[in-house]
Amino acid sequence: MRIGSREFDTNKHIYIMGILNVTPDSFSDGGKFRDRDAALFHAEKMIRDGAHILDIGGESTRPGHTQITESEEIERTAPVIEALRRHFDIPLSIDTYKSQVAKAALQAGACLVNDIWGFKYDSQMAPLVYQHDAACCLMHNRSQADYHDLIPNMLCDLQESVRIAKDAGIKDDRIILDPGVGFGKTYEMNLAAIREVERFKDLGYPVLLGTSRKSVIGLTLDLPTDQREEGTLATTIYGMLHGCSFVRVHDVKSNSRAIKMIEAILYGNNENGGQNHV
């Protein structure tokens, strides 16, 4: 698929979307990168560590978050995206479910819209993405964790998001799907969504797995947000082995190293020339 000016071989590789929150209250790193210079410094580090896409978010979407105005979200994200576009040659994603925020981000240089409501919150989002020939990541979400049959219901919900995208004219090679771990699901449901992640490929689109530092890891390991890196790595490797094409993570370096190691085992890739080291 194409994201911005870059082609992504989603059948043979797994790519890293690095998380850049320019918010004061994100569940894991709130307030760290609100300053533009801090955001640029962290972006440079993530690129150096192996990120293929940067996902910029201006509103925390953690459980119980407080919604902010569109203008405030634009003020947080658009200047950072514009600065990132000037300094770095990497596809930029805007993490928002509001079309006016997405519009400002796309005008500033973003080329992917990461919508946690899968185009179901704002009816102008899908037409906007089409008008800008942007890519989109459509995440599964529900306001309540109420399901008759979890995975089939999730697949049906995502099919509806895809239909909205297609009705707006968005091409198949611009669509990514995300099962939405941590959104509208209980702990057990989140585990099931990860366990059955390969089934989401049946819809015919690349799948992104976003589990980084989330509560499903914290509850499993009984750890706070700043100690969930190993748990995240386990989900990255699992997702890679079960057909995911993208992972959205905070800790880019460790995830990049894990992916390279698995690729070497699976495909014999060895960029270091096969030197013998003890």
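Student: Is R174 buried or exposed?
Tutor: R174 is buried, at 4% relative accessible area. Buried means under 20%, exposed over 50%, partly exposed in between (1.4 Å probe, protein chains only). This is a predicted model: local features need pLDDT of at least 70, side-chain atom pairs count only at pLDDT 80 or more, and totals for chains, interfaces and linings use all residues. Numbering starts from 1 along each chain as its sequence is written, and side-chain values use heavy atoms, without hydrogens and water.

Student: Where does R174 lie?
Tutor: In the loop between α5 (150–167) and β8 (175–178). Helices (H or I, at least four residues) and strands (E, at least two) are DSSP runs, numbered from the N terminus.

Student: Which side chain makes a polar contact with the R174 side chain?
Tutor: That of D133, at 3.2 Å. Such a contact is an N or O pair within 3.5 Å; within protein, one atom must be able to donate a hydrogen and the other to accept it, and residues adjacent in sequence count only if both atoms are side-chain atoms.

Student: On to β8. Which strand do 4 bridges join to β8?
Tutor: β7 (residues 135–139), and the two run parallel. Strands pair if DSSP finds at least two bridges between them. M139 stands opposite D178 in β8.

Student: Which way do the β8 residues point?
Tutor: I175 and L177 point one way, I176 and D178 the other, and all are buried. In a regular strand, side chains alternate between the two faces of the sheet.

Student: New topic. Where is L191 found?
Tutor: In helix α6 (residues 187–195). L191 counts as partly exposed because its relative accessibility is 31%.
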